[in-house]
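Visitor: I am new to this structure and would like to learn how to read it. Could you take me through it one feature at a time?

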Amino acid sequence: MNEEKKILEERKALDFEEVTKAMQKLQKYKGRRYGDSWKKHGEAISIFGNTSRKYDRIENIMHDVVERTGELPAPDSEESVTETIADLAVYCILWLTWIKYSRPKEFECWHNKIMALPEEP
């Protein structure tokens, strides 16, 4: 790998780490604020409903706001697409934690497969 490509790959890894740390902080904050409401009914369908609702909100923002104005909502607006995407990502990660405890063999199989992937494709 040439030096420029190596630097770019390192930067991407740092970007990913920065984003996941922010998501972890977001989850801790919302976890203290809302508790386990994301899995209130304890079944996969309620978790799916939460992720689906976030997806619908992103779709609505993209359609209603972008189609109407040609721009994304302002970053500090109530309907920030970035915040909604982060919420969706956190819900998906929480869903994986739910699978870890409700379907441990399935989670272990997935986890082992991912951890066995080579560092470079």
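Visitor: In which kind of crossing, left-handed or right-handed, does α2 pass α3?

Guide: A crossing is left-handed if the near helix is turned anticlockwise from the far one by less than a right angle, and right-handed if clockwise. In this structure the crossing in which α2 passes α3 is left-handed. Before we go on, note that this is a predicted model, in which local features need pLDDT of at least 70 and side-chain atom pairs count only at pLDDT 80 or more, while totals for chains, interfaces and linings use all residues. Residues are numbered from 1 along each chain as its sequence is written, and side-chain values use heavy atoms, with hydrogens and water left out.

Visitor: How many helices and strands does the chain have?

Guide: Helices (H or I, at least four residues) and strands (E, at least two) are DSSP runs, numbered from the N terminus. The chain has 4 helices and 0 strands, and read from the N terminus on, its elements run α-α-α-α.

Visitor: At what angle do helix α2 and helix α3 pack?

Guide: Axes are lines fitted to C-alpha atoms, for helices over the stretch in contact, and angles run from 0 to 180 degrees between N-to-C directions. Helix α2 (residues 44–69) and helix α3 (residues 81–102) pack at an angle of about 165°, and their axes are 10 Å apart. That makes α2 roughly antiparallel to α3, given that angles under 35 degrees count as roughly parallel, over 145 as roughly antiparallel, 65 to 115 as roughly perpendicular and the rest as oblique.

Visitor: Which residues of α2 and α3 meet?

Guide: Contact means heavy atoms within 4.5 Å. On the α2 side the residues include Ala44, Ile47, Phe48 and Tyr55, and on the α3 side they include Val81, Thr84, Leu88 and Trp95. By class, this contact of α2 with α3 has 14 nonpolar, 3 polar and 4 charged residues, where Ala, Val, Leu, Ile, Met, Phe, Trp, Tyr, Cys and Pro count as nonpolar, Asp, Glu, Lys and Arg as charged, and the others, Gly among them, as polar.

Visitor: Is threonine 84 buried or exposed?

Guide: Buried means under 20% relative accessible area, exposed over 50%, and partly exposed in between (1.4 Å probe, protein chains only). Threonine 84, which is found in helix α3, counts as buried at 1% relative accessibility. Leaving aside residues up to four places away in sequence, threonine 84 touches Lys54, Arg57, Ile58 and Ile61. For the chain as a whole, 19% of the 121 residues count as buried.

Visitor: At what angle do α3 and α4 pack?

Guide: Their angle is about 120°, with the axes of α3 and α4 5 Å apart, and these helices are therefore oblique to each other. The contact is made by Leu96, Ile99, Lys100, Tyr101 and Ser102 of α3 together with Pro104, Phe107 and Trp110 of α4.

Visitor: How many aromatic pairs does a search of the whole structure find?

Guide: Rings of Phe, Tyr and Trp (its six-membered ring) pair if their centres lie within 6.5 Å; planes under 30 degrees apart count as stacked, over 60 as edge-to-face and the rest as tilted. The search finds 2 aromatic pairs. The ring centres of phenylalanine 107 and tryptophan 110 are 5.4 Å apart and their planes are at 50°, so the pair is tilted. Phenylalanine 107 is buried, with a relative accessible area of 15%, whereas tryptophan 110 is partly exposed, at 34%.
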